[in-house]
Amino acid sequence: MTVPDSSAFGPAGTASPRGSAGPAGSPTGPAGSTSAVGPAGAGGPVRPDGPWTHRDVAANGARFHIAEMGEGPLVLLLHGFPQFWWTWRHQLPALAEAGFRAVAMDLRGVGGSDRTPRGYDPANLALDVTGVIRSLGEPDAALVGHDLGGYLAWTAAVMRPKLVRRLAVSSMPHPRRWRSSMLSDFAQSRAGSYIWGFQRPWLPERQLVADEASLVGRLVEEWAGPRNPEFPDEETLAVYRRAMSIPSTAHCSIEPYRWMVRSMARPDGVQFNRRMKRPVRVPTLHLHGSLDPAVRTRSSAGSGQYVEAPYRWRLFDGVGHFPHEEDPIGFSTELINWLKDPEPDR
């Protein structure tokens, strides 16, 4: 299984003018733009039809698109890169059937949510998440995050602990563990070389949308494990490629990763890293694919040291970076059983 290196986001190839973005802080599309790119059902590329309900909510000075199903305790699902809320299409009905109010949100700058010129640091993105919880009229939520969504879930559990009832993270170590692994573990630094490639101005955005966002399809294919040969299929890749091709999405998707690297030596980054020393004090479920080529198992496995509450580690054999899509039944079963367990064990 090949891990794309930073050259995938270099000058090679011809950039498509559609959906390209300008320099940091200057997205070419208007704030909140959700222009349709190609057919994808009545709801467009980011609001496909299904058993869920689409609507928008206001939080933290922006508008966020959500898809929701069911009634009961709130479970808020946070997607990662290079995806949007639709990555949780299997878990939404499973959680609703199990008696939960399942809500999948589009992060700032992605899918049907606002594309603002700034606000992509993890502290502000975590406030987006907790703001959505409040806007939904709920006292708290169980946060379920994958990849970047997992990074933000960790952050929200530290910054706003009263609003996080439980925490489930997939394919992402604790932010402090992520930082130390990227800086001191050569194997993880190489596996995350796409993040180093994101630090270039302009070019990563142009590469992401070139050739109808073909690079997005490559990343999903190469990060998936061998266990499920049916994932990803062409239809799934087409959905993610269309969503990334919406103007300004590529730029907004990359900005959080730029902050994560560029802030390492800056006061705001040092302060964030110091703030994340505070332990997580809610029950935590940590899920990871054994063959994840983007985030190594060893990088994630040390995250339990930051949790002062019941912590459960679950490894999915033969699965890559997308356990919730590669093994949706196994993932949903593990998650629901844990959410219903009144006394999750350490």
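This is a predicted model: local features need pLDDT of at least 70, side-chain atom pairs count only at pLDDT 80 or more; totals for chains, interfaces and linings use all residues.
Which residues form a negative surface patch?

## The model and the negative patch

The negative surface patch is formed by E221, E230, D233, E234 and E235, where Asp and Glu count as negative, Lys and Arg count as positive, and His and the chain ends are not counted. Patches of this kind are made of residues with over 30% relative accessible area and no salt bridge, like charges being joined within 9 Å, with the place of a charge taken as NZ of Lys, CZ of Arg, CG of Asp or CD of Glu.

Residues are numbered from 1 along each chain as its sequence is written, and side-chain values use heavy atoms, with hydrogens and water left out.

## Salt bridges and a buried pair

The structure holds 19 salt bridges, a salt bridge being a side-chain nitrogen of Lys or Arg within 4 Å of a carboxyl oxygen of Asp or Glu. In one of them R108 pairs with D128, and the closest N and O atoms are 2.8 Å apart. This pair links distant parts of the chain, since R108 sits in the loop between strand 4 (101–105) and helix 2 (122–135) whereas D128 belongs to helix 2, 20 residues apart. Helices (H or I, at least four residues) and strands (E, at least two) are DSSP runs, numbered from the N terminus. Both R108 and D128 are buried, a term for under 20% relative accessible area, with exposed meaning over 50% and partly exposed in between (1.4 Å probe, protein chains only).

D327 forms a salt bridge with R227, with the closest N and O atoms 3.2 Å apart. Because D327 lies in the loop between helix 12 (323–326) and helix 13 (328–340) and R227 in the loop between helix 7 (203–223) and helix 8 (234–244), the pair ties together parts that are 100 residues apart in sequence. D327 is buried, at a relative accessible area of 14%, whereas R227 is partly exposed at 44% relative accessibility.

The side chains of D341 and R312 also meet in a salt bridge (3.2 Å, N to O). Here D341 is in the segment after helix 13 and R312 in strand 8 (residues 311–316), so that distant parts of the chain, 29 residues apart, are linked. D341 is partly exposed, with a relative accessible area of 21%, while R312 counts as buried at 17% relative accessibility.

Technical notes. Patches are made of residues with over 30% relative accessible area and no salt bridge: like charges are joined within 9 Å, nonpolar side chains (Val, Leu, Ile, Met, Phe, Trp, Tyr) within 5 Å. Accessible areas come from the Shrake-Rupley method with a 1.4 Å probe; for residues, only the protein chains shown count as cover.
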